[in-house]
Structure formats: structure tokens, C-alpha cells
Amino acid sequence: MIVAERKPIEEIIKMVEKHESILVLGCGGCVTVCLAGGEKEAEQLATTLRLYFQKENKPFKTITTTITRQCDPEYVKSVAEEVAKVDAVLSTACGVGVQFMAENYPGKWVYPALNTKFAGANLELGVWGERCGLCGECILHLTGGVCPVIRCSKSLLNGPCGGSQNGKCEVSSEIDCAWQLIYDRLKSLNSLDLILKIQPPKDWSKARDGGPRKVVKEEVRL
Amino acid sequence: MITESRLEKLFAEGHFVVTAEIGPPKNSNGEAVRKHARNLKNYIDGANLTDNQTAVVRLSSIAAGFHVLSEGLDPIIQMTCRDRNRIGLQSDLLGAYSLGIRNVLALTGDHQSFGNHPTAKNVYDLDSIQLIQTIKKLRDEKQFLSGEPIKEHEPRFFIGAVENPFGDPFEFRVLRLEKKIEAGAQFIQTQCIFDMERFERFMEMVRERGLHERAYILAGITPLKSAKAAKYMKNVAGMIMPDHIIERMEKAEDQKEEGVKIAVEMIEHLKNVKGVAGVHIMAIAWEDIVPVIVERAGLLPRPEV
Ligand code: SF4
Ligand code: SF4
């Protein structure tokens, strides 16, 4: 899923302070699961903002609602009435949701309440970790299911750099060295030969370096 | 002999080669590099110019290499994968060759979080092994990485790489070295050695796989300036600093002298380790000590080519 984290409240206040009424729009997708922008977080955020502007003696109204997904036209269109009633929208979705709302409501400011971080998973209660760099051409079958593109701090494809020590990355003792993980995993799978072959340079045109991407599935098009 | 490199010739003739590192300055003073080159010229066979080492902005390794060359010393330019993509790397290889530089050392490069611009975006379009392959392809296939032919004046570099016997996973280090040689590395420079026992184990594995016969291995030596420096290195990623060395430095009355002594002893020892083709001295911000070490280690005079 997409993992996100709420922006500092001061930053959000700066975004919305010129408005008198906003829609705080939650999203029921990934950001609900990662406890950043679901129904509960959207409501908490709206309350925090109202209290702040009350103390500042500024007129400020909020409407709060949460839709199933902000990355789906059907749901995004369903809040037209609420959007019409306010000066601006504060979205607690990921960057995709924010943009999708903006695309669907021209003439209306849509602000991001979250910092969208990465594609990852829940590691333990309250901790999420990055797992995929969305490179467009997966090579996990060559690396035992550990991604060197995003989990190695240097995206190395041919083994660990000189800074790998005691299983940790040179960048921080908090980061596991992806290549140590790959090595251990392939060793246990009896497949070290996979990383003895030289991996050629990656085709980054399949990633975002080729420009913004689209996926088209002809058979489901109308 | 595949290239015109003087360094390659010395290796091929079987000399115990001595190279040293010159760290370019954090300003545009080429004279600083030239001065080091003049001081070191008669004591080493080649000067290795670092490429924005530890991700700190410095005078470029290629420009520094040109200064070294102008003083009559053979430059080895370092080239990391951190700051340039395959277009920039190949362009700089052409440029370096056009200036008369004949040796290049390909390496991954320290992560930018260590340097003076930690908020920078990194590149790592190629990794060090792919960069080695690229340099070889330019030379042996007369082709750019993309496969486009180079009609004439292809750069013909003597290709170096690094390996760290002190990194992990230890057993994979030799296999990775083999990958680098497979990719086209002709000489190898190791991380600086303090844990001689581990280095010897590494060399044993190197010999088992016959890698010392496929590439010239330069053992890395760093003279310690103080006990404090030794302690600091203990915490540098990819280094092993045994406690007995720290203790020896701490006990010494003259710590600098002790650092030189340790370096000289290590070189004496390395001369007899089978498969070691020379030493590479990395006297970080202490280049002036190199002639002293070379002389005391009995490595003079340097051979003529
Ligand atoms: S190889 Fe690419 S697609 Fe596969 S996990 Fe890594 S970044 Fe994601
Ligand atoms: S230490 Fe490991 S994870 Fe970190 S940059 Fe080097 S190879 Fe990649």
C-alpha cells in the first residue's frame, strides 16, 4: 500500500488560513490502513484546526467526510455537493487522491494534509517500511524477493557496496543492508549463482525516468 | 599490454607497484594538487585522485588528474556512480582520455548523507560493476554502452576497481571481486588494511579462485596520525580497526611516528603476501608523509619505464 504521514500542523494551518470554510476529506484506502488519513484522522484534523482558529478569533468552518477512495472518479464525484459549500478542500489522501480531487474540481483549491512516503507494508504495530520503488520492471525473481532498487540505499544491482557491515547499511545502523538480506536469502535457497551473474544496467525508461507512465488494458476499455 | 598506461606496464613487468592518493582541495586551487604531485613524483608510480570523496564537493578528479599529469606523474582518476548517469560518465571518460589520462578506478561512491550536501539527490544509474563493463566496452568493443559504435579515438583506459575485504557478507567479497574482474577490472585497490589477519584470509580465498592471476591487487595502507584517528576509524562503515592497533597508538610517545612505523611494518609484511602486486597509500590530508613511508619501507628507487 501507499504509506503516508500527516504534515506538521503548522504547515497545514499556513495552507488553509486564508479560507473560512474547508472540507476535510478523508480517504478509506491505504491511508486508513496506515492510520494517516482515514475517517478518524480526518475528523481529528478538522477538530484541531477549528480549535486553533477559534483561539485565534478567526471565522473557520469545517465539513468532514470520508470517501472509499480518492483515486477513483466515481467516489470523487460523489462529494460535489460538499465541495460546492466550502472555499477549499483539505485532502487527507495520498498525493494521488489530492491530484484526483483537484482534477475533478477545477476552480477549487485542494490541499495536501499528508506527506506521501512510499509503497510499503506494516512491519509491526505503528511501524511501516518501504518495499517497492515502482521501477516498472520487477527483478525480485533474481534477488530472492528482496528489492535492491529501493531497499539498497544506492539501488545497486550487483552486490553490496563497501560500506555493508554486520548486516547494516552504511547510511544508518537503523537500515538493514538489502544486499546482506539478498545474500542470506539466496544462500538459504541454494541459489547464490543468481547474484554471481553480472546484472546489466537497468532500463530506467520503464521507471519514472521515461516520463509519467500510464497503464492501458485494452480488453477492458469501452 | 592492452593500453598505453604506464601503470599497466609496470605491473606487467612485475614491479611491486606503489601508488598514493591525492585528495583534491575544497576550492579551485590547482596548484595545491600540483604541489603534491611534485613532492610525490619520485616516490610513487601513480597518483590516485579521489572523486568528491565522502560526498564532499572538491575539485574534480579529472581536472586534478590533469594537474598531476602536467607535473609528469601518472594519474589514476577515481570515478564514482553517485553523481553522474551513464551519459555523464561516458562523456567524462572521453574528456579525461582526451587530456592524456590513461588510468581510471571505478567505484560505487559513498552515500551523499556523509557529505556536505546531504539533501542531494543521488544517481547510481549504473553500479560500479556496470561502470567497469562500460569502460571496457568503450575500449574493447569500440561502442558506447548503448551499442552505438565509436568510429575512431575510442578511450583506451587501464581499468581499476576497489574491493573491501572488511565489508560484509565476507564470503561474498571475493565473489564480488571476481565479478569485477569478469566485468573488466585489471587492477584492484583494497580498502585500507588494519586487520591483517582478515586480509590474509581474504587473500587466501582470492588465490583459491586464481583471481590474483587475473588482476593486479594493490593493498591499501593508511598511516594513522593519532590514536584519536584510529578510534574514529573504528566507527567508519566498512572499516575494521583492531583494538591492539588503537592501544599501540595510545601508548606511543610520538603517535605520528608510531603511525608511520605501523604502516611501514605492514608494507614489509605485504611484500611477502602472495598475490599482492603492490601497495596503495592513502594518507588522508597527510600526503607529505608518503615519501617517508616509501623510503622507510625500502621501496626506493621507483622503476623507470
Ligand atoms: S524491482 Fe522494481 S517493481 Fe520490483 S519491488 Fe523493486 S522497485 Fe518494485
Ligand atoms: S550498505 Fe548495503 S544497502 Fe547500503 S548502500 Fe551499500 S549495499 Fe546498499
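A salt bridge is taken here as a side-chain nitrogen of Lys or Arg within 4 Å of a carboxyl oxygen of Asp or Glu. The views show a predicted model, in which local features need pLDDT of at least 70 and side-chain atom pairs count only at pLDDT 80 or more, while totals for chains, interfaces and linings use all residues. Residues are numbered from 1 along each chain as its sequence is written, chains are lettered from A in the order in which they are written, and side-chain values use heavy atoms, with hydrogens and water left out.

**View 1. The contact between chain A and chain B.** With contact meaning heavy atoms within 4.5 Å, 27 residues from chain A and 34 residues from chain B take part. The area buried between the two chains (accessible area, 1.4 Å probe, lost on putting them together and summed over both) is about 2,500 Å², and carbon and sulfur atoms give 55% of it. On the side of chain A, Gln165(A), Ile198(A) and Pro201(A) lose the most area to chain B, together 23% of what that side buries.

**View 2. The salt bridge between Glu171(B) and Lys187(A).** The closest N and O atoms of this pair are 3.6 Å apart, and the count between chain A and chain B is 1 salt bridge.

**View 3. Helix α8(A), residues 178-188.** Helices (H or I, at least four residues) and strands (E, at least two) are DSSP runs, numbered from the N terminus. Buried residues (under 20% relative accessible area, 1.4 Å probe, protein chains only) in this helix are Ala178(A), Trp179(A), Gln180(A), Ile182(A), Tyr183(A) and Leu186(A). Their cover includes α7 (148-151) and β9 (172-176) of chain A, together with α6 (170-183) of chain B. Asn190(A), which follows α8(A), has a positive phi, near 60°.

**View 4. Strand β3(B), residues 75-80, and its partner β2(B).** Of the 6 residues of β3(B), 6 are buried, with Pro75(B), Ile77(B) and Met79(B) on one side and Ile76(B), Gln78(B) and Thr80(B) on the other. Strand β2(B) (residues 46-49) runs parallel to β3(B) and is joined to it by 3 bridges, where pairing requires that DSSP find at least two; Ala47(B) stands opposite Pro75(B).

**View 5. Asp45(B), in the loop between α2 (30-40) and β2 of chain B.** Asp45(B) counts as buried because its relative accessibility is 1%. The side chains of Asp45(B) and Arg302(B) are joined by a polar contact of 2.7 Å (a pair of N or O atoms within 3.5 Å; within protein, one must be able to donate a hydrogen and the other to accept it, and residues adjacent in sequence count only if both atoms are side-chain atoms). Leaving aside neighbours within four places in sequence, Asp45(B) is in contact with residues including Arg6(B), Phe16(B), Asp74(B) and Pro303(B).

Key. Buried means under 20% relative accessible area, exposed over 50%, partly exposed in between (1.4 Å probe, protein chains only).
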